[in-house]
Amino acid sequence: AFLIPASANLALAVATPSSLSPGDPLPHSLALYVSLLALAFAATSCSRAGLYCNHQDLSPRYASVLLGITNTAGAFPGLLGVWITGVLLDNTGSWAYALFLPTIFFQIFGAAIYFKFASGEKQSWG
């Protein structure tokens with residue numbers, strides 16, 4: 001659920017021109033860009049399938065507290081990411097550097113953390 005979107009974003013980063021002014025023709029068909037974005041979003045949604053039930057698996061007693069913590073932790077990147085993307089886009093003029101490459105980094109980082117630490121086993125404290 002992380003590596004497929006990272007691959008689609010990598011393809012988007014490669015396919016997107018480094019600078020594009022309004023009215024300039026796209027180097028590839030619009031269908032390619034839309035298909036890659038759709039693939040990335042569809043595959044990302046697969047990671048949500050186990051998100052909310054995993055809190056209950058880990059600790060039925062503290063599932064609500066765990067959900068509150070993870071939702072709060074997940075909200076901060078959403079707040080900061082928009083601002084950082086805007087700063088990167090203003091400084092580089094490239095969607096690849098501003099959006100796609102940072103997204104790839106965080107998807108691969110998320111996959112590494114998941115592979116290292118993920119568990120659905122009930123914890124002793126829960």
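**Helix 4 and the overall fold**

Author: Helix 4 bends by about 30° at Gly81, the bend at a residue being the angle between axes fitted to the seven residues ending there and the seven starting there. Helices here are DSSP runs of H or I with at least four residues, and strands are runs of E with at least two, numbered from the N terminus. This is a predicted model, in which local features need pLDDT of at least 70 and side-chain atom pairs count only at pLDDT 80 or more, while totals for chains, interfaces and linings use all residues. Residues are numbered from 1 along each chain as its sequence is written, and side-chain values use heavy atoms, leaving out hydrogens and water.

Reader: Which residues of helix 4 are buried?

Author: They are Ala63, Leu66 and Thr85, where buried means under 20% relative accessible area, exposed over 50% and partly exposed in between, with a 1.4 Å probe and protein chains only. These buried residues pack against helix 3 (51-58) and helix 5 (95-117), with contact meaning heavy atoms within 4.5 Å.

Reader: Switching topic, how many helices and strands does the protein have?

Author: The secondary structure comes to 5 helices and 0 strands. The radius of gyration is 18 Å, well over the 14 Å that the globule rule gives for 126 residues, so the protein is more spread out than a compact globule; the radius is taken over C-alpha atoms, and the rule is 2.2 Å times the number of residues to the power 0.38.
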